[in-house]
Amino acid sequence: MTTNLKLNQAQIIAQTVLRLLENQNLLIPERVAFYVWLRGKRAVLIFDPLALRKPESVVQALFVHRVSTALGGRRVIATNSRGIFLQVAYRTLPIIKLGTRTLDLSQQPSPLHIPVGQSKRGPLWLSIIDMDSILVGGTRRMGKTNLIHTWILALLHGKTARLVLWDGKDNVEFGRYAKRDGVLVVNNLARGIQHLVEEMSQRKVLFQKAKVNSLAAYNAKRKAKLPPLVLIVDEAALIPDELQSALSHLIAVGGAYGIHPIIATQRPDAEATKGTLKANLSTRIALPVPSHHDSQVILGRSGAEKLPKEKGRLLLVWNARLIEVQAYLAPLDEEPERPHPQSLLSERELRLVEAALAENGWFRVREIANQAGESRDWVNGIAKRWEQMGYLTTVQRNPKGHPQGRRLTDSLLETAGLGGSRDLADQAELANLALKQSISI
Ligand SMILES: Nc1ncnc2c1ncn2[C@@H]1O[C@H](COP(=O)(O)OP(=O)(O)OP(=O)(O)O)[C@@H](O)[C@H]1O
Ligand SMILES: [Mg+2]
């Protein structure tokens, strides 16, 4: 393999450096600021000190950092012996021999550190607090879910963060964690969002009382610390359309309340990850992808298309640098434990579902409130929330346009833990028939 710098790449480097010099107002007009000397794997930029306003700033850390950032994380070295040189490495991605290793939780530096994997410089663990929010992208079967398992295992081992998990695949992946302390595994993402929104409003009240505006400030002030909340969504493309704005909003405002979203996706281009959702995920990780465009979409720069197509090989953008890492293999039991069907609703909410089933699936606020012995206001509030979450339909109307009330959806039955029950399924079927009849009247 030849590693000589190609001329056009040298040109890009030269233009980038020139632009930076110009921005910093370091150029003296009409002078040649530097020459580029191609030396094997690197470009050496030899500056003329007389052609620069402040020649020493070229070798200062800040300028070197700017050049490196502008060039996608290339290694830049400044030398200043007899003249000013700045050397730019040609290869962005060193080829690293990194074998598969299984996660070793005894290496965890703190309860909130999660493993990225093995880098050329050794094990790389980062704090979820510093990572803040994460987007993991990559072609199918390259190891997104495995990586996320290593993070869940580490956070469980740390026993500090609380987790809300949704794999979009009926808990095939995350069901195994359902019985662990501090974990909420949801079948329906709406339930996870609702849980975090409620937690957030409780924290809001606590923050107001403590006169603080962030979790860090609150925990610094109070003895009873609030844990970080980590929301994990394994496949963004499966996020139901109607939940996208609620999720984006949660992610946009949740940071102050200690909510750390981690979202994985095969298709970072898809609607689900576009716009605000992606914009608010600050740490980017890419497993191998087919094209530089995909890499651009995930990382904001190319590179992941050049990764060796090995499972678990990834690029992380960290402090404006690209780091190549081999993820650890998550030590999982062969047979994932399927959770028992259980209700994710409170008893009070369940009574409303029962009342609606007794009404052939109709959720009419006045009747439900009467039957369940609840206030109409409360039931109305629930109805509105459930409608937003897809648990109830919008208010149905008969052909004359008269409102008939909302109806239970399968998603509510599933959340209520009634999805698999035959009798109730039959009942829901009957309720559907009743609906059709009422419309054809
Ligand atoms: N770091 C790793 N080291 C070794 N093997 C791995 C690693 N990561 C994943 N694998 C293996 O690759 C296979 C696919 O991994 P995984 O399910 O995590 O991929 P994925 O990107 O989530 O796939 P999908 O897009 O289908 O959800 C698994 O059988 C897993 O054991
Ligand atoms: Mg997966």
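Accessible areas come from the Shrake-Rupley method with a 1.4 Å probe; for residues, only the protein chains shown count as cover.

This is a predicted model, in which local features need pLDDT of at least 70 and side-chain atom pairs count only at pLDDT 80 or more, while totals for chains, interfaces and linings use all residues. Residues are numbered from 1 along each chain as its sequence is written, chains are lettered from A and ligands numbered from 1 in the order in which they are written, and side-chain values use heavy atoms, with hydrogens and water left out.

View 1. Helices (H or I, at least four residues) and strands (E, at least two) are DSSP runs, numbered from the N terminus. Of the 441 residues, 49% are buried (under 20% relative accessible area; exposed is over 50%, partly exposed in between; 1.4 Å probe, protein chains only).

**View 2. Strands S1, S2, S4 and S3 form, in that order, an open antiparallel sheet.** Two strands pair if DSSP finds at least two bridges between them. Strands S1 (34–39) and S3 (76–79) stand at the edges with a single partner strand each, so one side of each has no neighbour in the sheet. S1 is joined to S2 (residues 42–47) by six bridges, and Arg-39 has Arg-42 in S2 as its bridge partner. Helix H1 (residues 7–23) lies across S1, S2 and S4 (84–89), at about 150° to S1. Helix H2 (residues 61–70) packs on the sheet, touching S3 and S4 (contact means heavy atoms within 4.5 Å). Axes are lines fitted to C-alpha atoms, for helices over the stretch in contact, and angles run from 0 to 180 degrees between N-to-C directions.

**View 3. Leu-7, Val-36 and Leu-38 form a nonpolar patch on the surface.** Together they have about 260 Å² of accessible area. Patches are made of residues with over 30% relative accessible area and no salt bridge: like charges are joined within 9 Å, nonpolar side chains (Val, Leu, Ile, Met, Phe, Trp, Tyr) within 5 Å. Leu-7 is in helix H1 and counts as exposed, at 63% relative accessibility.

**View 4. An open sheet of 10 strands has mixed pairing.** The strand order is S6-S5-S14-S13-S12-S7-S11-S10-S8-S9. S6 (122–127) and S9 (183–185) are the edge strands, each with a single partner strand. The twist averages 25° from one strand to the next. S13 (residues 313–318) and S14 (residues 321–326) pair in the antiparallel sense over six bridges, and Trp-318 has Arg-321 in S14 as its bridge partner. Helix H9 (residues 292–299) packs on the sheet, touching S7, S12, S13 and S14.

**View 5. Arg-162, Glu-199 and Arg-203 are linked in a network of salt bridges.** A salt bridge is a side-chain nitrogen of Lys or Arg within 4 Å of a carboxyl oxygen of Asp or Glu. Glu-199 and Arg-203 meet at 3.5 Å, N to O. Both lie in helix H5 (residues 189–210), four residues apart. Glu-199 is buried at 13% relative accessibility, and Arg-203 is buried at 1%.
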